[in-house]
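Good morning, and thank you for coming. Please keep the sequence and the three-dimensional view before you while I speak.

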Protein chains: 4
Amino acid sequence: MPTILGPNQYGKAENRVVKITRDGATHHIKDLNVSVALSGDMAEVHYSGSNANVLPTDTTKNTVYAFAKEYGIDSAEQFGIHLARHFVTSQEPIHRARVRIEEYAWERIETSDADSRFVGADEAKHSFVRTGRETRLTQITYDGERWEVVSGLKDLAVMNSTDSEFWGYAKDGYTTLQEAYDRILATQVSGRWRFNWTDDEQRTPDWETSYEQTRKHMLQAFAETYSLSLQQTLYQMGARIIDHRSEIDEVRFSLPNKHHFLVDLEPFGLRNDNEVYLAADRPYGLIEATVLRDGCEARIPVDLTNL
Amino acid sequence: MPTILGPNQYGKAENRVVKITRDGATHHIKDLNVSVALSGDMAEVHYSGSNANVLPTDTTKNTVYAFAKEYGIDSAEQFGIHLARHFVTSQEPIHRARVRIEEYAWERIETSDADSRFVGADEAKHSFVRTGRETRLTQITYDGERWEVVSGLKDLAVMNSTDSEFWGYAKDGYTTLQEAYDRILATQVSGRWRFNWTDDEQRTPDWETSYEQTRKHMLQAFAETYSLSLQQTLYQMGARIIDHRSEIDEVRFSLPNKHHFLVDLEPFGLRNDNEVYLAADRPYGLIEATVLRDGCEARIPVDLTNL
Amino acid sequence: MPTILGPNQYGKAENRVVKITRDGATHHIKDLNVSVALSGDMAEVHYSGSNANVLPTDTTKNTVYAFAKEYGIDSAEQFGIHLARHFVTSQEPIHRARVRIEEYAWERIETSDADSRFVGADEAKHSFVRTGRETRLTQITYDGERWEVVSGLKDLAVMNSTDSEFWGYAKDGYTTLQEAYDRILATQVSGRWRFNWTDDEQRTPDWETSYEQTRKHMLQAFAETYSLSLQQTLYQMGARIIDHRSEIDEVRFSLPNKHHFLVDLEPFGLRNDNEVYLAADRPYGLIEATVLRDGCEARIPVDLTNL
Amino acid sequence: MPTILGPNQYGKAENRVVKITRDGATHHIKDLNVSVALSGDMAEVHYSGSNANVLPTDTTKNTVYAFAKEYGIDSAEQFGIHLARHFVTSQEPIHRARVRIEEYAWERIETSDADSRFVGADEAKHSFVRTGRETRLTQITYDGERWEVVSGLKDLAVMNSTDSEFWGYAKDGYTTLQEAYDRILATQVSGRWRFNWTDDEQRTPDWETSYEQTRKHMLQAFAETYSLSLQQTLYQMGARIIDHRSEIDEVRFSLPNKHHFLVDLEPFGLRNDNEVYLAADRPYGLIEATVLRDGCEARIPVDLTNL
């Protein structure tokens, strides 16, 4: 045969599962989008269409919903670990499972009325509003021996309205850009971080605390870095995480430079003293880099994918 | 001529303007998307292509940016009023201006470090993160005499995880739905409310306070209504606003019923006691209605448009 | 009660139905997205939550799928007429039905092999590729007596690479635009046209032929109009339809002016003789107008909605 | 330092360039979205913010537009080769360039009028309509010595309305799926193919012919494969390309299984003989695999990215 099969995987993508946990009248909510990709001894289905080794994607969907009941959802990471372990250990032809999860955050609706239907003086017991700020992500990969957990987020828009410069750059015959000594620095953060937990023998991180702390350090580094380039800011964001979170060895960011152009108001007799900006869509600078704990290896792919 | 011109309007849409206001080292930000539509004595440009009465859309764009400097942006509503008044009063052929504005909310990045670069003990002076929760909207219309201001929001996702039923409905030969006595009620609110301010002689509402209070009452009504139908909840949300906000005479909502289906886990020997739901995309129920102050007239169009 | 109910409607939106019709081994396909909105005697469900008059949206969904079998889908318009008539005539509390349909076009996959599985020498009998060019739309409204049918399309991108000028416009203190004597004219057409068929006694138009011809005349008018303004081109597009299609009395277009800016290449020693353009996203001019058969009334709403 | 820099790249993304070529009154159009990513000796800008080695992303944008004039755009691939070579050979710190291009296809507006403004009897000379069917893609990578060209497409929706089965699959305790002996097979093709052209000494492929032929073979294989699984169809699509196109050594597909569920019409006394389907959104099966010319190595990444 002149052609052969290369790397392949399959599974059910974007299983939208909402889990309600009831603590008396007080409810808790987890809202996930779960995608499963399985690989292993799958040559025959590609070559001949024999499905003998193929657990249907419909079954992977059923498993996601059943496990939400059987194991609950303490965190997206822990839920993904249950799922990945199950597929690899229960189906002989499946040698590797990758589970990707998006998580959407909800918070309780505030109320000022002290009402028995509410948690405290000012929070509803089972009424929620979606926060919308960012989407939390995780990816669990398991091959029967080692785990790889990469978590992260996307669509977190941040802006510094000053303390950003850009000058001293290389110039060639196509360079017309003016140097900037006080500009807006805005981006929409897409970030991924890899945990050094790889083995069932190790203690697992506290996934929820880790996420909150990582997000906090990243935002603070963005806010506190006086920026000479978005690359420098990116590096500081990654280094701050590595410095503070011992469970993380690698961070990768993809940061679009959301250009805010100072509008020329002189034709109208007005002086624009870094006040009025046009927020542009395209094109945008795109800055991508990995920051590593010294001695560790880069494993997060160069291109961050959406899901 | 066998054909004639009907209603028409033109202008520059989606002008993205970011305005930074500096209070010493502390910055404030307004982030708007402004669309202008003008109409008036415009038959000739349609019939013959003569542009003599046409102020270019490029000029409407320039005006948006210039006015951000000249007048500042206290609120989206006030900014739209400045713009609409300008076009109608300065250009003789323009008889009516409609300004639509989307506003994106930002909040300060939190920091625990008491640092001179920060507002308080825990907020950055000029570093922001976009909240993402909903998009605030307003539409200002002016014809040289009367004002119409319709504000609102879109993409606010809310959920009650209990206290919702649906039964006792009409049935015909195509009805298979089972009655529900405890279901999730979830929607993505798109709402518009019309102010009774129409005249320069009246005192203008406090637009910022009005928005915050209207949003609060709407959310509380959603949380506090024990629901027998989404229509009932919708009505309560509108009535609560009318009851509490004397500046508003009309509210219209478009509420998709974001179905959350209880997953059948019995084939796997599991009992799903209102715990595990599949969040569906399409189709969805769509419930739309206007709630009016008694004696007032409905003026918000039946179909809410995006911008 | 200080508040009252205003205009309202409800139903199931975005029912995705695919209908395969088999002519021996040759298959035909219709791919629709159907949204139903019903209104009538619905005050009680809003005021008290009593669903006695409410046919569930789940039933409207079932009806869409059942009617695809019972009546087939000759055209989106005819299918919508069957649905609207059913709801108004079979449910006493329902006084008005509005059915909106999006249609996605598919064409047969071409093949050069004369194979028994294929329609002719070069077309597959039951293999299709989606054309993707535009989305066809229709909206059927029925109140038990009169019909209103408004059809149209969205997302049809067209471009003239010359034969477009823009000059002689009004100027004010915010005008900086240079006059243009040879520019690209590009837009993404959103159009709606209203049929004068309103009564079961009249002969119905041939909906499929009408769509193809209307689209053709519209495109030809766009191509053949030497444009002094997008308003002029819009009017010609509408007038051409009215002139050639006696079944249509009213046309409305919403035409974004998709700006293509001539790039200044002089800093690089190059002359840009209307060759290299930057296609901009936002802002864009937005030109909207109705063209009417003389003596007819404008009924299509000012704002075209997506679905 | 406890942290170090890992893989990184930067550049201007999504430069939207439209190039008009004039052949007398007949115009030709190329419509591209070009993204440039550069890497090399970039540690210092990340560590200290020194931009000495950083050619601004604004310059990469300027270069895209200038090259559209200097070299024209014969094909997306050839245009990307000019750009990648330029950055690597002209800037000492840049060791590697990756250029990604999306191409949008336009066709001439048809007209039946024999008019001097038109190309033939029935095609406009400079009026175009966007075809919309799929987006063509290419990615050019150059390190100063070797080239890698990966082309492809995305968003090509295809459907077989019969000749697809799915049965004989693995079952476990979470399996409820019924076997199918006649189902719709529909997908939205995302495909990438790698050329074996790697060296300036080799003759370059005819990029335009290669794309058209590759697309044709892929569609025919989809249409002509009696499918026992989507994996089998995928493999046939890839193998057909490898078999017919000697310039291509590797093909990777990501194929969502766009489920079309046969609607149960029995409750309404109707028999659904593979006629009426519900087209579902999420979840969907996702089948991904690489097909290789025997003896070649898989280099296309497991996850296909959008741009």
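Asp155(A) has its place in strand β8 (residues 147-160) of chain A, where strands (E, at least two residues) and helices (H or I, at least four residues) are DSSP runs, numbered from the N terminus. Phi of Asp155(A) is near 65°, a positive value in a residue other than glycine.

A word on conventions. This is a predicted model, in which local features need pLDDT of at least 70 and side-chain atom pairs count only at pLDDT 80 or more, while totals for chains, interfaces and linings use all residues. Residues are numbered from 1 along each chain as its sequence is written, chains are lettered from A and ligands numbered from 1 in the order in which they are written, and side-chain values use heavy atoms, with hydrogens and water left out.

I stay with the backbone for a moment. In chain B, Arg282(B) and Pro283(B) are joined by a cis peptide bond, with omega about -10°. Pro283(B) belongs to the loop between β12 (276-279) and β13 (284-293) of chain B. In chain C, a cis peptide bond joins Arg282(C) to Pro283(C), and omega is about -10°. Pro283(C) sits in the loop between β12 and β13 (284-293) of chain C.

Let us now turn to how the chains meet, beginning with chain A and chain D. How many residues of chain A are in contact with chain D? The number is 80 residues of chain A, in contact with 80 residues of chain D, where contact means heavy atoms within 4.5 Å. The two chains bury about 6600 Å² between them, and carbon and sulfur atoms give 53% of that area. Buried area is the accessible area (1.4 Å probe) that two parts lose on being put together, summed over both. Tyr174(A), Gln231(A) and Tyr235(A) supply 11% of what chain A buries against chain D, more than any other three residues.

Six salt bridges are found across the interface of chain A and chain D; the term stands for a side-chain nitrogen of Lys or Arg within 4 Å of a carboxyl oxygen of Asp or Glu. Arg100(D) forms a salt bridge with Asp303(A), and their closest N and O atoms are 2.8 Å apart. Several elements give two or more residues to the side of chain A that touches chain D, including β1 (3-13), α5 (230-244) and β13 (284-293) of chain A. The largest share of that side, eleven residues, comes from β1(A). By kind, the residues of this side of chain A divide into 35 nonpolar, 28 polar and 17 charged. Here Ala, Val, Leu, Ile, Met, Phe, Trp, Tyr, Cys and Pro count as nonpolar, Asp, Glu, Lys and Arg as charged, and the others, Gly among them, as polar.

Strand β1(A) also pairs across the boundary. Nine bridges join β1(A) to strand β13 (residues 284-293) of chain D, and the two run antiparallel; strands pair if DSSP finds at least two bridges between them. Within β13(D), Gly285(D) is the bridge partner of Lys12(A).

Next comes symmetry. Two copies of a chain are related by a rotation about an axis and a shift along it. The same surface serves both copies, as 100% of the contact residues of chain A recur in chain D.

What rotation superposes chain C on chain D? It is a rotation of 180°, with 0.0 Å of shift along its axis and an RMSD of 0.0 Å. That is the relation of a two-fold axis. Gly132(C) has the C-alpha of chain C nearest the axis, 2.3 Å from it.

In this second interface, 60 residues of chain C are in contact with 60 residues of chain D. Of the interface residues of chain C, 100% are also interface residues in chain D, so the copies meet through the same surface. Chain C and chain D bury about 5100 Å² between them, 57% of it on carbon and sulfur atoms. Four salt bridges are found across this interface. In a salt bridge at 2.3 Å, N to O, the side chain of Arg133(D) meets that of Glu107(C).

Finally, β8(C) pairs with strand β6 (residues 123-130) of chain D in the antiparallel sense, over three bridges. Met159(C) stands opposite Phe128(D) in β6(D).

Technical notes:
Least-squares fit on C-alpha atoms with pLDDT ≥ 70 in both.
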